[in-house]
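Student: Can we go through this one together? I have the coordinates open and some questions.

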Amino acid sequence: MEENNVKPGLFEKGGKLGWLHSTWDAFDTFLRVPATVTSKGAHVRDSLDIKRVMIIVVLALVPAALFGMWNVGYQHDLKLHDLPGFWNQFFWGLWKVLPLYIVSYIVGLGIEFTSAQIKGEEVNEGYLVSGFLIPLIVPVDVPLWMLALAVAFAVIFGKEVFGGTGMNFLNPALLCRAFLFFSYPSSMSGSLVWIARRCGADAITGATPLSYMSEGSAAMDAISNAGFSFWNMFAGTVPGSVGETSVIAILIGAFILIWTGVASWKIMVSSVAGALFVGWLGTAFGVTDVPAYVQLVMGGFAFGTVFMATDPVTSAQTETGKWIYGFLIGALCITVRLFNPGYAEGMMLAILLMNTFAPLIDHCVTSSATKRRAKKVSIA
Amino acid sequence: MSNNIVLKKGLNIPINGVAALETMRTIVPDVVAVKPTDFKGFSPRLLVKEGDKVQAGSPVLADKQNPDIILTSPVSGTVQAICRGEKRKLLAVLVKADGTSEAVDFGKKVPENLNAQEVKEALLKSGLWPSIIQRPYGIIADPAVTPKAVFVSSFSTAPLAADAGFAFQDDLEAIQAGVTAISKIAKVHVCVCGADSVFATLKDATIHTVVATKHPAGNVGVQISHISPIKKGETVWTLNLASLAAIGKLFLQGKVVLERKVAVTGPAAVKTGYVVALPGTPMTALSDCVDSEVETRFISGDVLSGENVGKDGFLGFFDNQVTFIKEGREREVLGWAKPFRFNQFSSSMAYFSWLLPKKKYDMDTNTHGGVRAFVCSDVYGKVLPMDIFPVYLIKACLAGDIDKMEQFGIYEVLPEDLALCEFVDPSKNDIQAIISDGIDLMIKEMA
């Protein structure tokens, strides 16, 4: 690309602060569209760029994030009755969630900028989304140092070692969660981590609906007895990770992603189909009495389906592959819920596992297409 | 058998500056360039020196590998200069026109009565042979090879492309003669846009009706992939209408006549329309069509696959369109973050261009973003009506993996076929250049 020489020489390569070129460039192009003009190939280009793609995803996440903040305060108030009123609950939740965002972005972007600087490349926008996702998929009281460590692990070993956004094969946000889960299980699961407490106070007991899955064929009764119904799980007024509870907020995000074409509706639809199928098998064979459609509103399934499984980099790349990939995610997620009572949230591992298999799915799809092409008869 | 080809995928780029359907003038140029760089696979050897007298049809350059393949002068005049670039690469031979219409006499012939060998010889001698492009690779056809078939697209869907019905309205007889002559060598397939096209009546060819409204349905590569995909070891030839008309005129008039109607288009053109011009006509002859105050890019061809020839450049051999667009060096503040950008087009629903489906845009050359790795996976296939996986092919080219390139269809494509993928690419990769490098690698490895 041809560079237009309007930037101050200070940050140019060879300038006094030339070693900060990538950082300068990131802020500069954040504020103003770069002056680069096409030099090869198509002389005009679509105005869509990766910054726009990423900001659309962030926008789609905003309803879930706002709801999550309110729900943090609301869940606290349900137990302790010390936060009267909607705004009290929202701002208390904001106050609780904001540090997660600050840590997520400072650590993650710090590593992104540093590695771009080392490689002498432009800073990738991918972390704008990952950094926004991470606070939404962890329990609100996760210690900040753990989060910092997990973010560093996810960004360095999940992304940068492979070459940055677009080269990674695992979803960095989920990798961050998996790191937390396996390293510090006591802060990530059980019934003591889901409801935010005040500084220094004791942990508050509050199980998520999913934790009753271990009741097997009596699970639905246990869920109802704990005060959960389909509709409050759908609305999201239940304990859980910050952003995952409200299916309504997630559906608003799904609408934005599908309308703009940023995320694949095929993956979303097939993931739901996979979950319904295995959920139905589960009830048909008496493994559980939770109807398949209730599975869709429990735990991280909806959030994972809409925002994590559809990550365009780590999902299947071929259109046929997307159907297979999505279906298997939904099916695996519910399978884990049915047969792993100790840890009922199957979505994280289902997606990470299918991230690993996505290249294989694509390989099968492309090679069968190639064979089909080779068989085409020539008519000329 | 139905010869309909229905294509749904694609994109029409809504760019301003379509050429008005009127012929503005006939350009009588002072200087005409013979550019070997227009022909992929042609390594030029000079047959003339400065000061030599040439006529229309006189040999100027020969191919080093195959000396039978020559390029001839489109006008009569004297050789004014030999232009060379880096490493003394021969860029152009400039012929100063003397204003006469002296031409080498190749003798009038009736195409029906010729055989394949006679057609080949006539084309080689007249310098019209290089107008035949061979696929795979888009190189000059090898006279020793008989192709599987010859394909002609009788229309272009490229942005602001010349209207074939208007541009060639006086050349129908010549095009028919050209088709008849070429059909002596191999079976000719002509793709027409809609059954009522004037070219649907061409004889000695199989007519295929393309039912489509979006680019790249007019690209011959796309049409071939739907008629008879090119497999390993096969070769096909392609010809455009301007070349067919020239071939027809060679037989009907006995001389090299390369004049064609050229569409003058683009958002930076202050006046649009058609001019009659020769390939190699200097862009300076069109300087009245642009605003000299605006930094303008002079493109020979269309905005997707044309060549940036600069204001001192020349019309390409295969082109019948010139596009003028503004260089986009302005920096839009917070462009990507604005909810509405009414003056920027995007085919994506992430912007709001869909609210104004009829609007035409004054597009410029800004890339609208920095280069990134491939992130989105489904935007490319939507604009490519071919049975290939574009991103896989591109990545195979980047990796230089010959086997994978073959598997993903490198034989079927030329860079122009993936031009729209490049246009919509949010990661701003130079996809056509990647494909072109991939093709160069294939040529080298397969030689």
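Tutor: A definition to start with: helices and strands here are DSSP runs numbered from the N terminus, a helix having at least four residues and a strand at least two. By that naming, B:Pro216 sits in the loop between strand S14 (206-211) and helix H4 (220-227) of chain B. Keep in mind that this is a predicted model.

Student: What kind of peptide bond joins B:His215 and B:Pro216?

Tutor: The bond between B:His215 and B:Pro216 is cis, and omega is about 5°. Another cis bond runs from B:Arg135 to B:Pro136, with omega near 0°.

Student: Where is B:Pro136 found?

Tutor: B:Pro136 lies in the loop between strand S10 (133-135) and strand S11 (139-140) of chain B. B:Tyr137 is in the loop between S10 and S11 of chain B too. B:Tyr137 has a positive phi of about 85°, although it is not a glycine.

Student: Is B:Tyr137 buried or exposed?

Tutor: B:Tyr137 is buried: its relative accessible area is 12%, and the cut-off for buried is under 20%.

Student: And what about the phi of B:Leu160?

Tutor: B:Leu160, not a glycine either, has a positive phi of about 65°. B:Leu160 belongs to the loop between strand S12 (150-153) and helix H2 (164-167) of chain B. With a relative accessible area of 10%, B:Leu160 counts as buried.

Student: Switching to the interface. How many residues of chain A and chain B are in contact?

Tutor: On the chain A side 63 residues make contact, and on the chain B side 76. The area buried between the two chains is about 6,200 Å², with carbon and sulfur atoms giving 55% of it.

Student: How many salt bridges and polar contacts are there between them?

Tutor: The count between chain A and chain B is five salt bridges. One of them pairs the side chains of B:Arg372 and A:Glu122, at 2.8 Å from N to O.

Student: How do the residues of the side of chain A that touches chain B divide into nonpolar, polar and charged?

Tutor: That side of chain A has 27 nonpolar, 18 polar and 18 charged residues.

Note on methods: Residues numbered from 1 in each chain as written. Chains lettered and ligands numbered in written order. Predicted model: local features only at pLDDT ≥ 70, side-chain atom pairs only at ≥ 80, totals over all residues. Heavy atoms only, no water. Contact = heavy atoms within 4.5 Å. Buried area = accessible area lost by both parts, 1.4 Å probe. Salt bridge = Lys/Arg side-chain N within 4 Å of Asp/Glu carboxyl O. Nonpolar A, V, L, I, M, F, W, Y, C, P; charged D, E, K, R; others polar. Buried < 20%, exposed > 50% of the residue type's maximum accessible area, 1.4 Å probe, protein only.
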